[in-house]
Each structure stands twice: as C-alpha cells, then as structure tokens.
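Please examine the sequence and the three-dimensional model shown here. The paragraphs after it lead through the structure step by step.

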Amino acid sequence: MAETVRAMGGPVQRLARLFIGRNKLRRPSDRIEGAVVVLLSAVFLAAVAAAPWLGVRFYQSQRADTAGLRPAVAVLTQAGPGNSFLVDSGVAAARWRTPDGQRRSGILTTTTAPGIWGAPAGARVQVWLTRSGQPGTPPQGSWEVGFASVMIAIGAACCGGIVLFTCYWLCRLALDRRRLAAWASEWAVAGPRWTTRR
C-alpha cells in the first residue's frame, strides 16, 4: 500500500500528470483547459495575497486623513435643518475659530457636522477642521476603520475569485463548443460505418 502511495507522487506531480502528462486520449482542448486552470489559480492566489495589502493601504490612508483633523466648536448663526424622514441632508451657516485662533465663517452640512440636525441658531456643535481651517468629515473610530479595511480585503478577494471563475466558465464554454463541433464532425465520418447493416 505504501508503495502505491509513493508511486502516485505529490500533489504537484499529480497536477502535472493531469494537465501536461502524456495521454493519447487527451485532446488539445483538454490541455488548453488545464493551462487555463493553472493560470487562473495562480492569479487567484496572487489576488488573495494582495487583498490584505489593499486593506492595510486603506487603513493607513484613513488614519492619515484623521491625523490631519482638529476638533473645534462652531456656533450656528442660523437654525439647522429640521429632522425629517423626507430630507437626508441639510446645511446651516456657522462661525468657528481655527486652532491658531483665526475667526472663520461658512456653511456646515449634515455630513461635516451631524449635530446641526434640529439645532437652533446660537447652538454650539462640534466640527472637525482640516489643516486649512475648513470643516471636514468627522473621523471614524479605529474599530470602524479596521472593520472597513478587513471588509475591503475580503471583498477584493471575493471579487477577484468571481471574475476569475467567470473567465474560466467562458473559456470552458468556448472549449466545450469546440469539442462538440469536433465530435460531430468525427461522428459524421465514423457513424455511417457503425450503423450500416451488412
């Protein structure tokens, strides 16, 4: 039994025999399909290896953007938008001070300052200022950024797998059509010899 297992060889040798081994019954289309499987498998493994790098890059870019933001307090000079299920965004005029003490005024949106929803004029809301002193999107917590990074990495690997599987399916479809056409032409020659009564 051990000799039989040794004779089969390792997984790489079995794959080599399956795809490029000498077999008179293997058609050229079978060899092409084997090469496509090997190529797409290598590309998928590369995509899986690159997916964590993509997630890390996203995490680093989000943390870098967050590092450039500074918290500040803005005072509304007009009432904020009312809470309504029909309205998904709104704006309000406000004034604030930059970290270096300069006075600024402008428009806050519900994206840059979610606290303006339903706030009256004169209310104080927290904003996050960019290096230029303009309100930016509030930073996400480390947990949210980490979770988003992991999901991006998993999503990238899954999308790569779906694309590669679709490529294999299309290649297999084309090869099957070619095999059926070849089989039909060969049967047109051999079939009458087998079915003719003597």
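This is a predicted model: local features need pLDDT of at least 70, side-chain atom pairs count only at pLDDT 80 or more; totals for chains, interfaces and linings use all residues.

Which residues have the most contacts inside the largest nonpolar core? This core has 14 residues, and those with the most contacts within it are Ala74, Leu76, Leu108, Ile116 and Val127. The surroundings of leucine 108 can be listed in detail. Apart from neighbours within four places in sequence, leucine 108 is in contact with Ala74, Leu76, Gly90, Val91, Ala92, Ala94, Trp96, Ala113, Ile116, Val125, Val127 and Pro135.

Attention now passes to helix α4, which comprises residues 142-195. With 54 residues at 1.5 Å a residue, α4 should span 80 Å, and this agrees with the 75 Å that separates its end C-alpha atoms. The buried residues of α4 are Val145, Ser149, Ala153, Ala157, Gly160, Gly161, Leu164, Leu175, Arg179 and Gly191. Among the elements that cover these buried residues is α3 (28-67).

The structure also holds two aromatic pairs. One of them joins tryptophan 143 and phenylalanine 147 in a stacked arrangement, with 5.5 Å from centre to centre and 5 degrees between the planes. Because tryptophan 143 and phenylalanine 147 lie four residues apart in α4, about one helical turn separates them. Tryptophan 143 counts as exposed, since its relative accessibility is 64%, whereas phenylalanine 147 is partly exposed, with a relative accessible area of 46%.

Tryptophan 183 and tryptophan 187 form a stacked pair, because their planes stand at 5 degrees, with ring centres 6.1 Å apart. Why are tryptophan 183 and tryptophan 187 separated by about one helical turn? The two residues are four apart in helix α4, and therefore about one turn of the helix lies between them. Tryptophan 183 has a relative accessibility of 54% and so counts as exposed, the cut-off being over 50%. Tryptophan 187, at 38% relative accessibility, counts as partly exposed.

Technical notes. Residues are numbered from 1 along each chain as its sequence is written. Side-chain values use heavy atoms; hydrogens and water are left out. A nonpolar core is a set of buried Ala, Val, Leu, Ile, Met, Phe, Trp, Tyr and Cys residues joined through side-chain atoms within 4.5 Å. Buried means under 20% relative accessible area, exposed over 50%, partly exposed in between (1.4 Å probe, protein chains only). Contact means heavy atoms within 4.5 Å. Rings of Phe, Tyr and Trp (its six-membered ring) pair if their centres lie within 6.5 Å; planes under 30 degrees apart count as stacked, over 60 as edge-to-face and the rest as tilted. The expected span of a helix is 1.5 Å times one less than its number of residues.
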